[in-house]
Structures are given as C-alpha cells and as structure tokens.
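Colleague: I'm still learning how to read these models, and I'd like a close look at one part. Could you walk me through it slowly?

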Amino acid sequence: MGRIALTLSCCLLVLQGWSQSVESAMDSVMQKYVNQEELHGCVTYVQQSGKVLLRRSYGFKDVEQNEEMTNDAIFNIASMAKIVTAVGALKLYEEGKFMLDDPVKDYLPELGNLQVLENMGTDSAVLVPLQRDITIRDLFRHTAGFGYVQNKEEVKDEVDSLYIAYEVDLSNTSEEFLNRISQAPLKYQPGSQWEYSYSNDILGFLVERISQKSLHDYLKETIFIPLGMESTGFYISEENASRLTNIYTHSDNQLQTVEGRSSDHFLTKPTIYSGGGGMPNDAGALVSTVDDFATFCTMLLQHGSYERKKVLQPPTVELLISDQIAGIEDRSFPLAGYGFGVGVNNQPYHGKTKAISWTGAYNTFFLINYESNLVAIFLTQHHPWGYLNIMGEFASVLEKTIPQH
C-alpha cells in the first residue's frame, strides 16, 4: 500500500506540474491577443487522465458592454456539431434501425433519382447515371457526391452554381431542402471522392425521418440529458441569453461585431435543424459550453460511456474514430483521414497516436487523443475561420507543455 500511495502521489505531482506549465503557456498566448484587442475572448480546456489541467477564460463575451468572458459562456460550435449528429445517428444504427451500407433513398426517397455531372468544367460535361446508390456510410464520411456552398462567392463549379440557382440552403424545411438539392446533379460518383458537404445535414434529416422526432428533441433525449449537457442545444432559453457570446471580426484595426447576442437567433425555435453546423443562415445551429462539450468528448474518450451512462458501444465508437476514407485519394482539401463526422489524425499534437479532432467556422476546436488520454477544447467566436491561426497556437501550446504517451 505504501508503494501504491507513493506512486499515486508522484503521478499527482507530475500532473500538477503539467497543469501549471500549460496554464502559464496558454496565458502568454491568449492574453496577448486580448490585450492587443485582436481577440475578443476565449475559453480553454485541457483534461488528461481524468484530471482537469486547464479550464480558463480570457477577455470578453461582449467587448462593447465590457462583459468578461466566463467559463460557462455559450458558443456556436458550428461544424463541431457534425460529430454530435454522427453519435446520434449511430445510436439508431446500434438499435438496428439501418445498416451503414443501406441506400439513402430507402429512407429519404426525395434523393431517389440523382445523376452525376461528369467532366465538370469542360465542353464534354455530361449527366450520367449513378454507378451505385448513395449509402448512409457516404453521408457519415462526406463521400456521397454533394457539395457545400452558401453564397455566390464560394461557387467553384457548375454544381455549386446550380445550388445557388435552386436556392439550396438551410433556411427552408428539411423536405424542401431535399427536394431542392435533388434537382442538382452530384459532383462525383458516390464513394469515389471526399468532399466536405451537406452530407451531415442530410444525415440529420435521416435521423429525424427514422426517429420521427426533431433532431433537437432526439439528441436531447439520447445524448444531452443522459450526459447532463444542460447548456447544449439548437436554441436556448431566455434565462441563458446573457451567457451567449458575441461573434466578432477584426477590421480597420479593431474588433467589430458580426452578430450580437442581443439578436434572437438562438432564442427562438428554428424551423429547420442543421446536423452539419448551420452556418451562416437561419438554420438551428448547435450551441454548447466548454464543460458540456468536455463531457461529450470524455464519453468518446471512454469508448461510449460516462459516469455509468452508456451512449454508444465501444465497437461503434471505434467505427466513428477510424479512418473511413483510406484509399480515396481525390479530396477537396488535404487531410490525413476522416471518420464519421470528424477528422482522424489531422491536427498538431497527434503525432502517430490515435486522435480525432475538428474545428468550427468561428474558430472553435476540439481534440481527443486516445493514447495520451487527453481532451482539449478551444472556444471563441471570431470570423473568418483560421483567424490569427489561433487554433493552431492552442494546439502548439499542448504539444510543447503536455508529454505524449
């Protein structure tokens, strides 16, 4: 017993040292940007081996009103919603409600008559039949053939142009969205390429169709309530409005508000829920806090369980965190791998260890490193994505201050 107690004591001292190191290093980076008025504020979180090494807020939720950032601040997590939608869908998979290689059209018949536009950008562009059906697996991993465009400035090809022409966006009902996107052809044969797309939004609509519940109600019942994620959802109550964080940009050498928390964007129930993030239109986007999302990440780190609450079975979590696009070389942007709604071994601090991570449009970021037993989360609300390389700086602090196992 004496040796065990001594070993535990030594481990605690080591963790305490890492905690002081990561906190000091993070302070020097984040406080600098706040002091220079380049960043309005942020919340940082690091947990390793079940111990919280860092949970710290910087700057302001509302610069104009001089309201300081707090650890319970609520953020629009944008595309970090994709992995939450994936977990919800996988619960239906575990219940036998679908198989991963089932045709999507069996559940969403609106997508039953799609074609592919081959040779885009050339004089020989032509519509051809699908070589195989879009599967549910394709929706999880962005290999269905859909695109992702929100405005004319983002148009890259003929299919993107058709999305704009047919008003394919998330401001309508899910049925209307599916009908509109089905008017446009696919960009490639299902399973042949990887392109970040509306796939996870369509996966959310599939969840609604199978469960016969709204995505908000389904995720609340199956994930948020069991895990105690009380501040996570597609809209919030009036009493939590003061915890929302303004969204900023930096222009003319000063911070400027893009969206103020006084707007009712998250205070009213939306007509459509976005399982992919919802940015930047009026779809219900997922909001959360650092503590809520840390609980969600810890559940995944522990292979589907959290404090005796089982959300997924370990083999299902393994599906989610394994590279699902190995062998698919044609990708819309470089990435090491992609699982179900999440990148696999893509960010700094991964090395050769098993890790998943992803970001959100407003420079939110999370990382789960399975070999280092690590959860790390960075939340801010700043546009555009990639601003100051702030997410990379957060990951760099981790790499320098917390040893990989």
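Colleague: Let's take helix 2 and helix 6: is their crossing left-handed or right-handed?

Modeller: The crossing of helix 2 and helix 6 is left-handed. Before we dig in, keep in mind that this is a predicted model.

How far can you trust the picture? The average pLDDT of the protein is 92, and 92% of the residues score at least 70. Watch out for residues 1-15, though, where the pLDDT is below 50. That stretch has 3 contacts in the model beyond near neighbours in sequence.

A probe the size of a water molecule, rolled over the atoms, shows where it is left. Searching the whole structure turns up 1 cavity of 30 Å³ or more. The largest cavity has a volume of about 100 Å³. It is lined by 15 residues, and Leu244, Thr245, Glu259, Arg261 and Phe266 are the closest to its centre. The lining of this cavity has 6 nonpolar, 7 polar and 2 charged residues.

There are pockets to look at too. The second largest pocket holds about 300 Å³ of space. Its lining has 16 residues, with Lys220, Glu230, Ser231, Thr232 and Tyr235 nearest the centre. By class, that lining has 6 nonpolar, 7 polar and 3 charged residues.

Finally, have a peek at the backbone. Most residues other than glycine have a negative phi, and most peptide bonds are trans. Asparagine 253 has a positive phi, near 65°, and sits in the loop between strand 7 (247-251) and strand 8 (254-259). The peptide bond from histidine 383 to proline 384 is cis, with omega near 10°. You'll find proline 384 in the loop between strand 15 (374-379) and helix 10 (390-401).

Conventions. Residues numbered from 1 in each chain as written. Predicted model: local features only at pLDDT ≥ 70, side-chain atom pairs only at ≥ 80, totals over all residues. Heavy atoms only, no water. 1 Å grid on protein atoms, 1.4 Å probe; cavity = no way out; pocket = protein on both sides within 12 Å on 5 of 7 lines; lining within 4 Å. Points joined across faces, edges and corners; volume = space filled by probe spheres on them. Nonpolar A, V, L, I, M, F, W, Y, C, P; charged D, E, K, R; others polar. Left-handed = near helix turned anticlockwise from the far one by under 90°. Helix = DSSP H or I, 4+ residues; strand = E, 2+ residues; numbered from the N terminus. pLDDT = per-residue confidence, 0-100. Contact = heavy atoms within 4.5 Å.
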